[in-house]
Amino acid sequence: MCGIVGYIGNEQAAPILMEELARLEYRGYDSAGIAVLSEEGICLTKTRGKLQALRNKLAAGMPKGYSGIGHTRWATHGAPSDVNAHPHLDQKGQVAVVHNGIIENYQALRKELQAKGCVFQSQTDTEVVPQLLAQFLQAGEALLPALLKTLDRLRGAYALGILVQEAPDCLIAARKGSPLVVGVADTGNYIASDIPAVLPYTRRVYLLDEGEIALVYGDHVEIYSEWGERVDKKIYEVTWSVDAAERGGYDHFMLKEIFEQPKAIRDTLQPRIRQGRIRLEEAGLTEEYLAGVQRVVLIACGTASHACMVGRVAIEQLARVPVEWDVASEFRYRNPILYPEDLLIVVSQSGETADTLAALRLAREKGCKVLAITNVVGSTIAREADRVLYTWAGPEIAVASTKAYLTQLLCLYLVAIEMAYVKGKLSDETYARYIQELETLPDKAQTVLTSTEPEHALAKRFCHCRDIFFIGRGLDYAAAMEASLKLKEISYIHSEAMASGELKHGTIALIEEGVPVVALSTQGQVAEKLHSNIREVKARGAVVICIAYGDSSLEDGIADHLLYIPRTDDLFAPLLSVIPAQLFAYYCAIERGYDPDKPRNLAKSVTVE
Ligand code: M6R
């Protein structure tokens, strides 16, 4: 999730671009840059690191000019580095581009352009865009047709800001799959990936819709459809405060990130499914390699370790390969038995967690190949692992992990399904059915988010309880672990998650009149057993909240309250059942008067042991 800004008007562009970029710092980024159209041509300044590093580079003198674009990059294709930072230029330096999103066919386009003599500087997917546009312009096309032809060649998602030396009176903005706005003011016009960037200058914005293109001049804006027809658009007046706008209008980053989950699932899944096959070669997981895996070891901390619990069940059930699971802080101190042929998978949102990194290093010392599943390109864990499978969740800012968890689950499911298939443990039909079902999950996650009222109402009712228990069996137990962690870390209500069959071995002693028990009930195979456990706690006075499929056949009266999710294959249920639990935790924190984005005693990235 990169940040895009742009300005054209009567003022010097560079200071405005820097101010706009500063407004996007909250999003998280690893490099930054600006391009300004000066009398000498396009002036490019970019660097790895924070905006301060860019300011330092510009300290000798800002480039002079009245139009420009800027970018904060969250690395996806190519590590964070000066050369991979945006803007990117065509080889003659006459077209500059900033980009948010992923150009899925960039490798094919790059080869095609290289064959025509284009030389590339970076490893990014973005650089094909200025090269392609420059080719059309050099062939004599006018600006808009050249742009339409360029966009027509791109597959995937993008928000683009473009500066063209030959068209000095105009900036280009184009949107498909990634948001982009055009801010309108008396002294000039702006482009931005997010409204906060333009709020110091204007509250009047055009919100570009899918496929729309804006030609932004200093004194007016022209908007076109993806077919090049003029679009008449209404200006939207922003009424949010700057602070709220940074959170996209949501009250907290956590809530914003919960709502970003359908997109995070889609972004993580789509690039890995091609023509009905899961493709993981980017992470070195070829058919041959996966077919030969004899044992998997899953290691992580906190939320990521809960994703691994689900991964363990999925890999064992589908691929029939033994899986060992452990939390990283324990793993390395128990002199674990590891074989060089093991596939060791470490999972970490930040890619910097000290214990997970130490586990990775230990495994590599013992000769194992390590696969990292992480959200941060260029993080230490990504750099030190042998292979990396990225979760494309975008920056996760709230301390409580939400969208990263879902994308970790997805990556583990993809590994499990593909491993099972190449080992001959899944029929073609079942494989195709799983893929089809995975593809429905962004919409199903969206359905869960249609209304947050039920979770909010339950939070109001139960937020003052001393203890809340979560129970489930199989994958519901794994999801219950995450649900319980979410609740305790932000609401400070004591919570425990139990495999429901374990209740009677001790914890049931804590159940008394009015104690809330959240039962995750999605696993058909063990439904009756779970229902018995629910009856056991109800008999002792528990108030039971069930998270279940909308069409599930729960026994009458077994639940006092219900939170529904859409039906999916039981295998994928944790991806949906955790969402109501996240919302419940969020609203419990709110109702108790706590800031869910800043839970006490916790840090986003735990880089110490
Ligand atoms: O960055 P990591 O995924 O390695 O972090 C691991 C845990 O610290 C993390 O998942 C933590 O449990 C969550 N912030 C809880 O929401």
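Reply: Helix α8 passes helix α15 in a left-handed crossing; a crossing is left-handed if the near helix is turned anticlockwise from the far one by less than a right angle, and right-handed if clockwise. The model is predicted, so local features need pLDDT of at least 70 and side-chain atom pairs count only at pLDDT 80 or more, whereas totals for chains, interfaces and linings use all residues. Residues are numbered from 1 along each chain as its sequence is written, and side-chain values use heavy atoms, with hydrogens and water left out.

Helix α8 comprises residues 261–269 and α15 residues 428–448 (helices are DSSP runs of H or I with at least four residues, strands runs of E with at least two, numbered from the N terminus). Their axes lie 8 Å apart, at an angle of about 165°; axes are lines fitted to C-alpha atoms, for helices over the stretch in contact, and angles run from 0 to 180 degrees between N-to-C directions. The pair is therefore roughly antiparallel (under 35 degrees is roughly parallel, over 145 roughly antiparallel, 65 to 115 roughly perpendicular and the rest oblique). From α8, Pro-262, Ile-265, Arg-266 and Leu-269 meet Leu-438, Glu-439, Leu-441, Pro-442, Asp-443, Ala-445 and Gln-446 of α15, contact meaning heavy atoms within 4.5 Å. This contact of α8 with α15 has 7 nonpolar, 1 polar and 3 charged residues; Ala, Val, Leu, Ile, Met, Phe, Trp, Tyr, Cys and Pro count as nonpolar, Asp, Glu, Lys and Arg as charged, and the others, Gly among them, as polar.

The next pair is formed by α16 (residues 453–462) and α19 (residues 573–591), whose axes come within 8 Å and cross at roughly 45°. These two helices are therefore oblique to each other, and their crossing is right-handed. On the α16 side the contact is made by Glu-455, His-456, Leu-458, Ala-459, Lys-460 and Phe-462, and on the α19 side by Pro-580, Leu-583, Phe-584, Tyr-587, Cys-588 and Glu-591. By class, the residues between α16 and α19 divide into 8 nonpolar, 1 polar and 3 charged.

Helices α10 (residues 302–319) and α14 (residues 403–422) have axes that come within 9 Å and cross at roughly 20°. They are therefore roughly parallel, with a right-handed crossing. Residues of α10 in this contact include Thr-303, Ala-307, Val-310, Gly-311 and Leu-318, while those of α14 include Tyr-405, Leu-409, Leu-412, Ala-416 and Met-419. The contact of α10 with α14 contains 16 nonpolar and 4 polar residues, and no charged ones.

A backbone N or O atom of Ser-401 is 2.8 Å from an oxygen atom of the ligand, and a polar side-chain atom of Lys-486 is 3.0 Å from one.

Methods. A polar contact is a pair of N or O atoms within 3.5 Å; within protein, one must be able to donate a hydrogen and the other to accept it, and residues adjacent in sequence count only if both atoms are side-chain atoms.
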